[in-house]
Amino acid sequence: MNSLLVGLLLVLLVPLFVGTWRTSLLGLAAQGLTLAWIASRLDPALDTPLAWLTLVDLAAVRGLLAPWLLYRVLKAHDALPRNDVIPPNLLSWTVALALVLMAFRFAARMVPAAGEQQTLVAVAAAGLLLGFLVLATQPGVFSQIIGVLRIDNAIALFELGGEHHHPSIGMHAAHLLILIATLSLYRWYLESLGLPGPMPDVPTREGLGR
Amino acid sequence: MSALLLVLGPIVAAIGLALPWVRARANGWLVITTLIVASGAIVAAVVPIPQHVRPGGMVRMDATARLFLSVVDPIFLGVVAYFWRRPHATSVSSTDLPRFVAASLVFLGAANAVLLSNDLQVCLVALEITTLLVTPLIAGSGTRSARLASFHYLVFSSVGLGLVLLGFACIARGMLDAGQVADFHIDALVARRHPGTGLWSGLGLCLVLLGLGTKLGLVPMYTWLPAAYDEAPPTVAAMLAAVQFNCAFVLLVRVVQIWRPDHAGLILATLMAMGVASMVVSTVSIIATFDLKRLIAYASINHAGVLAIGLGLGRPAAYGMLLYALSNAFIKAILFLTAGKIHQHYQTKDTRAISGLIRDLPYSGLFLMLGTFALLGFPPFGSFFGELLILSALVGNGQMLVFATFCTLIAITFVATGRTIFPMIWGEAKMLRSWPRQTLLEALPKLLFLIALVVLGLYIPAPIDALLRQVAAVLEGS
């Protein structure tokens, strides 16, 4: 599973260096699907409702629904391709890489035994820190949504690696419904706040008169 | 069973709005439902019952739940009654009214669930539900700035509650590493007495404190609060500041109560740092602002800081902290509802443009005056005694630097707030207009809140005093 986790780390990093909204959404989709793959590796039997609910959460909602909802809004408004999730300069890229290194050092401290658990904690911590980097450096609505969803995915990865799961399937279903409701709100905000105007969030061809 | 009714009752009432004849009377339906729920909450607080906790059960009707239910639900009733008399003063159109009522009812049910649940993770889910319900209500005015404030509220809340969830996951790892069962039922954790030490437990606790601190508007992630409270319609601002705030606070109290035996030093240091930093930030912001609602919002951050300091100290400050929390719920409800009325009549929130309130709008001027005195911690209001007890605990605990900082900041806050608000109340009227008189019925909710504030300061009824002492007793000292 280490290769999956390394793959997830690449999926977390690469979209930060490619400044288009399509890449950001592709990155989100890849994160969700990779998380689902990891979940299926951790519980290959898939013989409990909780396992199936987890797959639906990760693959269908985080991997497909979230990027698709945001894609529809941006496509409908003909948004220009360029959207930097972090500032496109050497300092930001260095900070991003430094955060990843910090995450690995942190994981080595918290999980002394080297192995899959340590790597999982490291990748989850990296995802969390990179999500905060996005939130801290970009004020736009779309970038803030991407930052929050990255943090959510990092938390989901950390929970996947733990052995504790709430015994009630209702709790997990409630979390899933909350996530879907939150995504619906994000979509609404992106539509209403990302429209062309005095301060467009994502520059559109309409806003620039093209 | 009756405790579950406080949660399910409002939700069932919200479903009842599907009926056309109920939808046509949505406003009255909201008031009646809230009246029944608030009455049940007061009865539960006043009638002495043994602690009602079925081990491993869903519901925890303990002293903490009874105390805060007796405040939160009546405040919600007052807010709803204010809205019933003045629906035109909010941004809710007649077509949106059933949706607003449904959201408010489910919000009430979820808020009660936070207070009554015996499972910390269920409390978290209920708090998330209240967040999702109130988010679109903040954007009620429809302006871009309101939607932006609402969006930032959602972002910060998502991050904060996500950190709480992550914190619980870390704590669970710590429990499992220690060979314990990772059970988040409050009765099981309290009975365990030492639910977990170790790195994972400490890290998880820090994340939970940071996450819940975000919901309370504590430094460092507080920047959502001033804009959200400012842009929200007055009833929604009162729901946020007086109802949801206290739900998040109760969850924080429960977490601290459970993990203090193992992490007393960490809790003290973290809450003190967040509390003092929040007071500093809010004091500076109060000096700089001339927006009435923003001033009240910054005062709310100040109060959160005081509560964090009191909670960090533990049992020595517990009674005062609880008294302060209850008093501030009423204060914020009074001030936000009054600010809404002032804004509606003067069409501005700029404090420099408003003057002579005590003559132009006597009721509003009176509520603003008394609310401000209560906000600043003057006697005979409950906030005065609450603050005094916290200060006393700081000295008793040897926290002299924090004590000195606290006193300096509240003195500066008094001067800054007085400089801004007192001319509004007593200055020369700048706009000579005749206003329609505000009826006693419209002012009744705020009047009752004011009476409750004075009661908390002068003579606390025996049942409430007993509840305060019971809750204070379970918060162990550091």
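Me: At what angle do helix 4 and helix 11 of chain B pack?
Reply: In this predicted model, helix 4 (residues 63-85) and helix 11 (residues 234-288) of chain B have axes 9 Å apart. Axes are lines fitted to C-alpha atoms over the stretch in contact, and angles run from 0 to 180 degrees between N-to-C directions. Helices are DSSP runs (H or I, at least four residues), numbered from the N terminus. The packing angle is about 170°.

Me: Are helix 4 and helix 11 of chain B roughly parallel or roughly antiparallel?
Reply: Angles under 35 degrees count as roughly parallel, over 145 as roughly antiparallel. The angle here is about 170°. Helix 4 and helix 11 of chain B are therefore roughly antiparallel.

Me: How many nonpolar residues has the contact of helix 4 with helix 11 of chain B?
Reply: Contact means heavy atoms within 4.5 Å. Residues meeting there include B:Phe68 and B:Val72 in helix 4, and B:Met239 and B:Phe249 in helix 11. Ala, Val, Leu, Ile, Met, Phe, Trp, Tyr, Cys and Pro count as nonpolar. By class, three are polar, one is charged, and the nonpolar residues number 14.

Me: How many salt bridges lie between chain B and chain A?
Reply: Chain B gives 35 residues to the contact and chain A gives 36. A salt bridge needs a side-chain nitrogen of Lys or Arg within 4 Å of a carboxyl oxygen of Asp or Glu. Side-chain values use heavy atoms, without hydrogens or water. The count is zero.

Me: Which helix supplies the largest share of the side of chain B that touches chain A?
Reply: Residues are numbered from 1 along each chain. The largest share is 19 residues, and they come from helix 7 of chain B.

Definitions and conventions
Chains are lettered from A and ligands numbered from 1 in the order in which they are written. This is a predicted model: local features need pLDDT of at least 70, side-chain atom pairs count only at pLDDT 80 or more; totals for chains, interfaces and linings use all residues. Helices (H or I, at least four residues) and strands (E, at least two) are DSSP runs, numbered from the N terminus. Angles under 35 degrees count as roughly parallel, over 145 as roughly antiparallel, 65 to 115 as roughly perpendicular and the rest as oblique.
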